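User: Please take a close look at one part of this model for me. I would like to understand the place where the chains meet.

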2 protein chains.
Amino acid sequence: MPLHNVMEDAVKDLLEKHWENLSVSCHCELCKADVYALSLNRLKPHYVRNQAGSMYAKADLMTTQARATILTAITESAKVVSAYPHH
Amino acid sequence: MPLHNVMEDAVKDLLEKHWENLSVSCHCELCKADVYALSLNRLKPHYVRNQAGSMYAKADLMTTQARATILTAITESAKVVSAYPHH
């Protein structure tokens, strides 16, 4: 049963775009992965099981509102990781 | 940034155990994947980025309460997929 959470792609996309400008105490790959995981845990998942479902869900996640919600989750997660880095 | 949602394992485990006895209109693999995806979309994700995080999160998901919550999500999702099968 291969499934995919398209929210992973949406968060990764925005995280890659904004990582360098994010206010975090450390810009290493471990902290980036922590921000990625924490952001995904704060957002509602969008699991799909095929390509068609994936396209519809991705379209949903490209709205201004959806991107703002994701960016807020990333910013909040960056604050937490900055305050409690894992290394 | 390889991450993993340990909730996927917990849902898959319970779904495999209870699939044959679940009240669904069709027991095919497509309907099973739909119930799997829908259940994951109803549950809070638990993304981790390493083995240690994975062990802690899995322990959390093995409590009676967590398993009851997951089984409820599976049962509710099975009802939806039975009412609106994709084939």
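How many residue pairs are in polar contact across the interface of chain A and chain B?

Analyst: The rule finds 10 residue pairs in polar contact across the interface of chain A and chain B, both residues being at pLDDT 80 or more. A polar contact is a pair of N or O atoms within 3.5 Å; within protein, one must be able to donate a hydrogen and the other to accept it, and residues adjacent in sequence count only if both atoms are side-chain atoms.

Two sentences on the source. This is a predicted model, in which local features need pLDDT of at least 70, side-chain atom pairs count only at pLDDT 80 or more, and totals for chains, interfaces and linings use all residues. Residues are numbered from 1 along each chain as its sequence is written, chains are lettered from A and ligands numbered from 1 in the order in which they are written, and side-chain values use heavy atoms, with hydrogens and water left out.

Now the salt bridges. There are 2 between chain A and chain B. The term means a side-chain nitrogen of Lys or Arg within 4 Å of a carboxyl oxygen of Asp or Glu. Asp34(A) pairs in this way with Arg49(B), and their closest N and O atoms are 2.6 Å apart.

Which helices of chain A take part? Helices are DSSP runs of H or I, at least four residues, numbered from the N terminus. H2(A) gives the most to this side, with 9 residues.

Turn to Asp34(B). This residue lies in helix H2 (residues 29-42) of chain B. Asp34(B) counts as buried, at 10% relative accessibility (buried is under 20% relative accessible area, with a 1.4 Å probe and protein chains only). Leaving out residues up to four places away in sequence, Asp34(B) touches Arg49(A), Val81(B) and His86(B).

Next, the whole contact (heavy atoms within 4.5 Å). Chain A gives 23 residues and chain B gives 23 residues. About 2,000 Å² is buried between the chains, 59% of it on carbon and sulfur atoms. Buried area is the accessible area (1.4 Å probe) that two parts lose on being put together, summed over both. In chain A, Met1(A), Tyr47(A) and Arg49(A) lose the most area to chain B, together 41% of what that side buries.

Finally, 100% of the interface residues of chain A are also interface residues in chain B, so the copies meet through the same surface.

How values were computed: Helix = DSSP H or I, 4+ residues; strand = E, 2+ residues; numbered from the N terminus. Buried < 20%, exposed > 50% of the residue type's maximum accessible area, 1.4 Å probe, protein only.
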